[in-house]
Each structure stands twice: as C-alpha cells, then as structure tokens.
Amino acid sequence: MAIHAGEPRSRAYDSITTPIVQASTYTFANTVAVVDHHEGRIEREEYGRYGNPTVRIAEAKLAALESGNDPEVSALLCSSGMNAVTMTLLAMLPTGSHLVLTDDCYRRTRDFVRTLLVRLGVQHTIVPACDYEAMEAAIRAETRLILSESPTNPYLRVLDLPRLVAIARRHRLKTLIDATFATPYNIRPLHAGVDLVVHSATKYLGGHNDLMAGVIIGREGIISALRDMQGILGGVCDPNSAYLLLRGLKTFALRMERHNQNGLAVARFLSEHPRVLRVHYPGLPTHPDHAIATAQMRGWGGVVSFEVDGDLETTSRLVDSLRLPYIAPSLGGVESMVVQPSLMSFYELTTEERLHVGIRDNLVRLACGIEDTEDLIADLAQALEQLERTC
Ligand SMILES: *Cc1c(COP(=O)(O)O)cnc(C)c1O
C-alpha cells in the first residue's frame, strides 16, 4: 500500500512518478468552465490554497495507510505537524469549551493550549498520561475533546485506545491522537474508534529529514470542514514537500521494520548496561504499558529514552561520544538522532522546572535510524565504555 495506494495507474506524460504540479493557480477555458466547477459538474483545481494534484495524491496514500483503504476516511496535508495540531484544535474547540490533554506531550502543543487557546477562551486540564481515572474526572459539561499522543514523548507511554474511546463516548466527546511516534505501521487509532489522528509527516512518514509537513486523518465530513478552514488559514503543504513525502513513503514499510528492530535491540542492550539506570521503551517488559503496547502495536518504533548513571555533564559526555547519531532535535529519519532533552527542548527552564515536567538532566532520547543494528549497538557500547574510563 505504501507504494501503490492513492496513486493513479496512469499519469501525465506516462511518468512512473507522480509529477510535481508547481502551480499557484489553475486556468479556466471560459466562464462556462468556471460555473461548471462551482456547480460540481467537473472535478478540477481552482487555486493553490484550495488544493494541488501532487498534494491530493499524498493525501490519498496517507488516508489509505491509516484506514486500510476505508473510502469514508480522508486526509488533509498541512504545512507542518504543528499546523495540523493547531488547526484541528482551533476547529474542534469553540470559545467557552474545554479540552482534556495528557501531560507527556510535544512541548509546542502544550504551549499552544496554554497560551493561544486560553486567549480564545478555551480552557484545558492536563492529566497524567495513562491515568484514566484522572482523565474522566477532568471532563466537564463544556469538554469537547480529549487529546493525547501515543506513544508519548519522551517517556513513550502507550495509551489504551479502546479505553480512551469508551470514556470519550460515555461523555459524547471527540478524541484526537497524535500518533507521530507510532505511525500507521505500528498503530491504527481509527480502528480503535478514535475520531482524528494527526502525524508530523516531518518524522517517519517523510523519513529522510528533508521536508516539513503534517497530516490530519479522519472521517470525510470532519476533514472536509478542516479543508475549508485551511483555505482560510492558509497552512497548505507545498507540492515539492508532497512529492518528497510520496517518495519517502515508497520505502515506509521497510524503514519502519528496521526502526522497530533497532529500537528494540538498542533498548534491550541499554537495559542490561551497568551505566544505564533506566530505559523507557514500550517493548521492554519493565515498561508500565508493555502489555497494552504488545496488544495494540505491531512494533514499538525507533525512539528509546534512557537515564544515564550520572549528572548533566556525564550525560553530555555520553552524547558527545556517540559517533553515528547526529545531535539534532527530531526523529523518524534514516539517520539516528540523539538529544539530551534538558539541553534541547527544555533548555530555558531551571532544573526544578524541568523536574516538574518530568525531564531529568540524565535523560537521553535516542531516535534510532535505519543503520545496521550491530553498528548502532557497537557505537553505544564504545560511548558507554568511555564513561567507565573517565569516572
Ligand atoms: C515533531 C512533532 C510535532 C510537530 O511536528 P512539526 O512537523 O515539527 O511541526 C508534533 N507532535 C509530535 C509528537 C512530534 O514529534
């Protein structure tokens, strides 16, 4: 499906690849054609902000991957993952409404909820990820939506999606899952009854660290309303990024298989190393959500978070000793990437403030790429060995 879904068998100029339609607007032969377009008698493009053929094919592929070819499910590509998240929240939450979201979440999502949504008169309650009693207790008469990531970042908590959906249905709420860390290869929230799924396509879906895009996937009615909203807000995906995304998706299944394999192997290796205090990875039996993650996911992805036996400086030394992963704030690409969250996304906070949001100085987030598994482990082994020598 990653290779063929969404792609018409015959294309312009008999090209085997989907052409990049680099156009900001589309021409009409005459005024009758304009009227036919408005009346829906012909299917065609009108203007770049309302749609683009390359973008539409990427959307069709993503909808198929997420839903397993359900014709009632559509996808909307956006300029970035954050644009997908913020636009969905703007659309779902009228002034005076309330949102429940889980705590271990993407920093900018939390920032949006706490700063901009509050300004628009939308209230929220943050509950601990996987605390379903707290989640249900937070629901008010004004609550419209429950938002969570799964797996979460950086502790990789995995939500029990049927349980989340049951709570939402009891209170007639919509559910939104940011499944960037899982991708449709590992988890299918729509099949569990979740209403909307968002992904940062910048990560695993694109897979090569060369594009920014986001996607929202759900039932056609709700996606069509979001598409109209995008026509106003303007956060469209450009045709070049859509092409790169299509190109990256061709190898999606192969890449995910290796990301899953590397994540698990690295997590197992780290969990047995004396200089590592704790490893957070849903594939390990020690992870609090291991049973749910095993039941609901095909694999557990490439991101492994772990705590080094040492302080901020010792942890930085480990990160600096790694030769394969780049120090960079992203994940999901073919190259492994590593960050010490206290020096990256949470740098401007004090140690106390970081502890309050659960970020310890000795925490490392390693996003395994698709390098050879043994090469990655050998690199970690040499970096950890250097710690032994210097302490
Ligand atoms: C990266 C990321 C985002 C934001 O996506 P961008 O494409 O960087 O805007 C949102 N949610 C999660 C879980 C992410 O990892």
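**Reading loops, helix contacts and a ligand site**

User: Where is Pro154 found, and how should I read the element numbers?

Analyst: Pro154 is found in the loop between strand 4 and helix 6, where helices (H or I, at least four residues) and strands (E, at least two) are DSSP runs numbered from the N terminus. This is a predicted model, in which local features need pLDDT of at least 70 and side-chain atom pairs count only at pLDDT 80 or more, while totals for chains, interfaces and linings use all residues. Residues are numbered from 1 along each chain as its sequence is written, and side-chain values use heavy atoms, with hydrogens and water left out.

User: Which residues does a cis peptide bond join, and what is omega?

Analyst: Asn153 and Pro154 are joined by a cis peptide bond with omega about 5°. The bond from Ser150 to Pro151 is also cis, with omega near -10°, and Pro151 lies in the loop between strand 4 (143–149) and helix 6 (161–170).

User: What is the phi of Asp14, and where is Asp14 found?

Analyst: Asp14 has a positive phi of about 60° although it is not a glycine, and it is found in the segment before helix 1 (31–38).

User: At what angle do helix 2 and helix 9 pack?

Analyst: Axes are lines fitted to C-alpha atoms, for helices over the stretch in contact, and angles run from 0 to 180 degrees between N-to-C directions. Helix 2 (residues 53–67) and helix 9 (residues 239–249) pack at about 35°, with their axes 8 Å apart. In contact (heavy atoms within 4.5 Å) are residues including Ile57, Ala58 and Leu62 of helix 2 and Ala242, Leu245 and Leu246 of helix 9. The residues of this contact divide into 11 nonpolar, 1 polar and 1 charged, where Ala, Val, Leu, Ile, Met, Phe, Trp, Tyr, Cys and Pro count as nonpolar, Asp, Glu, Lys and Arg as charged, and the others, Gly among them, as polar.

User: At what angle do helix 3 and helix 4 pack?

Analyst: Helix 3 (residues 81–92) and helix 4 (residues 107–119) pack at about 40°, with axes 10 Å apart. Met82, Val85, Thr86, Leu89 and Leu90 in helix 3 meet Arg108, Thr109, Phe112, Val113 and Leu117 in helix 4, a set that divides into 7 nonpolar, 2 polar and 1 charged.

User: Which residues come nearest the ligand?

Analyst: A residue is near a molecule if one of its heavy atoms lies within 4 Å of it. Of the 13 residues around the ligand, Met82, Asp178, Ser200, Thr202 and Lys203 come nearest, and the shell divides into 5 nonpolar, 5 polar and 3 charged. An oxygen atom of the ligand is 2.8 Å from a polar backbone atom of Met82, and a polar side-chain atom of Lys203 lies 2.7 Å from an oxygen atom of the ligand. The protein covers 94% of the 380 Å² of accessible area (Shrake-Rupley method, 1.4 Å probe) that the ligand has on its own.

Methods. Polar contact = N/O pair within 3.5 Å; in protein donor to acceptor, adjacent residues only side chain to side chain.
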